[in-house]
2 protein chains.
Amino acid sequence: MTTESSSIIIDGKLVAKKIRDEIASEVARIKDSTGIVPGLAVILVGSRKDSQTYVRNKKKACEEVGIESFEASLPEDCTEEDIIKHISDFNSNPSVHGILVQLPLPQHINEEKILNAVTIEKDVDGFHPLNIGRLAMQGRDPLFVPCTPKGCMELLHRYNIEIKGKRAVVIGRSNIVGMPAALLLQRANATISIVHSKTKNPEEIIRQADILISAAGVPNLVRGSWLKPGAVVIDVGINAVDDSESPRGYRLVGDVCFGEASSVASAITPVPGGVGPMTIAMLLSNTLSSVKRIHDLK
Amino acid sequence: MTTESSSIIIDGKLVAKKIRDEIASEVARIKDSTGIVPGLAVILVGSRKDSQTYVRNKKKACEEVGIESFEASLPEDCTEEDIIKHISDFNSNPSVHGILVQLPLPQHINEEKILNAVTIEKDVDGFHPLNIGRLAMQGRDPLFVPCTPKGCMELLHRYNIEIKGKRAVVIGRSNIVGMPAALLLQRANATISIVHSKTKNPEEIIRQADILISAAGVPNLVRGSWLKPGAVVIDVGINAVDDSESPRGYRLVGDVCFGEASSVASAITPVPGGVGPMTIAMLLSNTLSSVKRIHDLK
């Protein structure tokens with residue numbers, strides 16, 4: 001089965017590779033000229049398979065660009081105090097420039113309390129409310145922008161997609177993707193609308209989008225007929241759907257029906273290979289920004 | 001000249017009076033049972049006539065409900081350090097439960113630096129980025145909500161206007177009104193769009209609004225024909241336009257052509273007498289919340 005595609009496929013894998021190469025050069029330059037090695041610390045609690053995979057991938061990505069990895073692995077039944085102790089150590093460790101707490105945390109742990117313990121200067125995830133507040137405000141700048149929405153914006157920039165004055169619709173209002181994505185689009189002078197689970201007739205609003213960022217986590221939610229012809233589609237959804245023909249028994253699809261959408265959109269990200277690879281690249285980028293800010297490097 | 005009006009006129013003056021009466025009762029109850037008197041400190045820099053009027057009105061409103069007023073007046077040419085010194089004193093003064101820096105500040109003063117000096121526990125203006133961040137995030141709560149957007153929401157609530165699932169459009173994205181108003185509407189499960197100076201064809205989006213909050217500061221920007229029949233209109237604009245028939249030589253109008261809109265909207269705030277009186281009422285309300293939180297009162 002082939003689909004006639006008229007749209008540009010936004011190659012996140014390629015862009016992410018390019019960014020990682022750029023970061024590797026910068027890390028090498030900084031090391032050569034100052035001896036400073038950027039460091040990223042990850043805190044992993046419990047033994048979720050998916051979290052372990054993410055953390056392993058992050059460590060590998062760090063190694064490849066020359067960022068030093070630090071890790072604290074805590075057992076599922078650890079206390080909030082145990083986690084905060086490790087965060088405090090990383091906060092005061094001068095070799096660590098970014099701290100990341102792998103989510104989700106176990107049920108008995110207060111996520112807000114833990115995330116607030118990360119010093120804002122090393123909050124490379126950009127989830128601290130002070131960073132989000134600055135992101136929302138005109139005339140203020142966050143120290144860090146959350147990685148996935150930053151990756152979406154980076155894809156738009158690298159494909160020279162104009163944002164100013166455009167209608168942008170974000171599907172989903174999560175703290176991690178939807179909400180910060182909308183704030184970033186607005187900072188870039190788009191006119192934003194945010195669609196969520198309580199929205200009636202979402203397709204009516206989505207059809208107005210020149211730029212659509214979907215972070216709903218619902219497989220094939222957005223049909224081709226929901227799109228304005230020529231829209232740019234950034235699909236953040238990574239959803240596993242059963243597929244007996246796949247060796248793993250499932251395959252990954254986005255929030256947007258790619259086949260339908262690619263004949264309507266002017267540009268679209270595939271899943272996988274679109275936004276996914278950008279998230280870790282932006283984490284590395286935030287860690288690099290952090291080391292530069294802390295040491296006042298150019 | 002009479003205008004045929006089919007809409008409910010949202011009487012902000014009346015609602016604000018009711019809220020001030022409620023606050024006065026609560027303040028009296030707290031004083032009787034605990035001896036604690038809520039206190040609000042205002043910092044005024046320079047001698048702008050309009051700022052002096054605002055500060056005087058705030059003091060008067062405090063007196064009327066039994067909140068104690070504190071004031072620091074600094075000369076136009078004072079330094080940032082002078083202002084911060086007064087803020088620090090109020091931060092540590094246990095009789096002060098809310099601190100307000102009257103804006104705008106003189107050109108040579110860094111507004112961000114000054115506002116950040118106010119302890120978040122007494123930031124009754126709700127302008128601290130930490131408060132704004134919490135306002136933007138799901139599962140977090142700000143300590144204080146900015147007064148004018150809070151007043152808009154209070155008007156909607158007191159007139160039993162349902163917000164959940166409704167299309168809401170905010171005109172303007174200022175830190176003080178538009179942006180926090182949009183965040184509040186989204187927290188109440190509206191589907192929001194934010195129109196601003198870079199928006200093309202704003203009337204197309206405004207026409208989709210079940211609820212419109214206009215904070216553009218442009219007299220008579222929104223025409224009756226821009227509204228969806230039955231829309232609820234909250235007009236935050238207070239714009240002075242020349243009027244030779246007025247003894248003062250000007251009159252105040254909103255962002256919305258009231259005459260045209262009142263025959264299309266289902267409910268609308270007048271200017272003056274709509275949102276205006278709510279702002280100070282919400283400031284008193286925030287001061288009351290603050291004293292209750294600080295002293296853990298019910």
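Predicted model: local features only at pLDDT ≥ 70, side-chain atom pairs only at ≥ 80, totals over all residues.

Reader: How many helices and strands in chain A?
Author: Chain A has ten helices and eleven strands, taken as DSSP runs (H or I of at least four residues for helices, E of at least two for strands) numbered from the N terminus. With a radius of gyration of 20 Å against 19 Å from the globule rule for 298 residues, chain A is as compact as a globular protein of that length. That radius is over C-alpha atoms, and the rule is 2.2 Å times the number of residues to the power 0.38.

Reader: And what percentage of chain A is buried?
Author: 55% of its 298 residues. Buried means under 20% relative accessible area, exposed over 50%, and partly exposed in between, with a 1.4 Å probe and protein chains only.

Reader: Switching topic, how many salt bridges over all chains?
Author: The search finds 32, each a side-chain nitrogen of Lys or Arg within 4 Å of a carboxyl oxygen of Asp or Glu.

Reader: What does A:Arg29 pair with?
Author: A:Glu26, with the closest N and O atoms 2.7 Å apart. They are three residues apart in helix H1 (residues 12–34) of chain A, so about one helical turn separates them. A:Arg29 is partly exposed at 41%, and A:Glu26 is partly exposed at 23%.

Reader: Which helix holds B:Asp21 and B:Lys17?
Author: Helix H1 (residues 12–34) of chain B, where they sit four residues apart, about one turn. B:Asp21 is partly exposed at 38%, as is B:Lys17 at 41%. Over in chain A, shared partners link A:Lys18, A:Glu22, A:Glu154 and A:Arg158 into one salt-bridge network.

Reader: Where does the charged end of A:Arg293 sit?
Author: Over the ring of A:Phe144, 4.8 Å from its centre. The call needs NZ of Lys or CZ of Arg within 6 Å of the ring centre and within 35 degrees of the ring normal. In chain B, B:Arg293 sits over B:Phe144, also with 4.8 Å to the ring centre.

Methods: Residues numbered from 1 in each chain as written. Chains lettered and ligands numbered in written order. Heavy atoms only, no water.
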